[in-house]
Amino acid sequence: MWNSTAEVTANNTAKTNPLILLMSDPEIRQLFLAASGGRESLSSDELHYIFPGISFGDTAMTLEEFQHFAEKQFFSGSAEEMLEAFHMFDHDANGTISVHDLQNVLNDDGLDIPCEELQDMISVADRASANAVSFLDFQHFMSVALKRSSGRKK
């Protein structure tokens, strides 16, 4: 199994899968179960598929370890890391995340989600009702998600 003290290395040029940022705990669990084929752990190859650019060596992760790693990887970030995560979604680099941006990111990951569902995703974070998510909206959404996630662990 995965040891939290084990060396995990990241390639800074690699694109981390931004979809994890939008996932709730049940969705992360569903991703784990789908990737593992229902097994109790994910292999290093399966982990690399989900987190491209991160080397896990020959380790495997249980669901609990996977959830902890995903949270630590994406929700412990500085403002600079938050901006980097935002840019993963801002596909056209215009300073906002639109339905079109989100659709492009999802298509890059091989997912085809109807525009109505993508609009619902955007609406959750879009505090200005601009049909797009600004960096401030994104930052607020992520900080709320972090607080909710931290509160569930207590």
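Here is a friendly conversation about the predicted model shown above.

Biologist: How many helices and strands does the chain have?
Modeller: This is a predicted model, in which local features need pLDDT of at least 70, side-chain atom pairs count only at pLDDT 80 or more, and totals for chains, interfaces and linings use all residues. Residues are numbered from 1 along each chain as its sequence is written, and side-chain values use heavy atoms, leaving out hydrogens and water. Helices (H or I, at least four residues) and strands (E, at least two) are DSSP runs, numbered from the N terminus. Along the sequence the pattern is β-α-β-α-β-β-α-α-β-α-α-β-α, and the chain has seven helices and six strands.

Biologist: Which element of the chain has the highest mean pLDDT?
Modeller: pLDDT is the predictor's confidence in each residue, from 0 to 100, and its mean for the chain is 76. Strand β1 (residues 9-10) has the lowest mean among the elements, 43, and over residues 1-16 the pLDDT is below 50. Where pLDDT is low, the predicted coordinates should not be read in detail. The highest mean, 93, belongs to strand β5 (residues 96-98).

Biologist: Is Asp-137 buried or exposed?
Modeller: Asp-137 lies in helix α7 (residues 135-153). Contact means heavy atoms within 4.5 Å; leaving aside neighbours within four places in sequence, Asp-137 is in contact with Ala-125, Asp-126, Arg-127, Ala-128 and Ala-132. Buried means under 20% relative accessible area, exposed over 50%, and partly exposed in between (1.4 Å probe, protein chains only). Asp-137 has a relative accessible area of 6%, so this residue is buried.

Biologist: Which residues of α5 are buried?
Modeller: In soluble globular proteins, nonpolar side chains tend to be buried together. Just after α5, Gly-110 takes a positive phi of about 80 degrees. Within α5 itself, the buried residues are Val-99, Asp-101, Leu-102, Asn-104, Val-105 and Leu-106.

Biologist: What percentage of the residues in the chain is buried?
Modeller: The chain exposes about 9,100 Å², an area found by the Shrake-Rupley method with a 1.4 Å probe. Of its 154 residues, the buried ones make up 37%.
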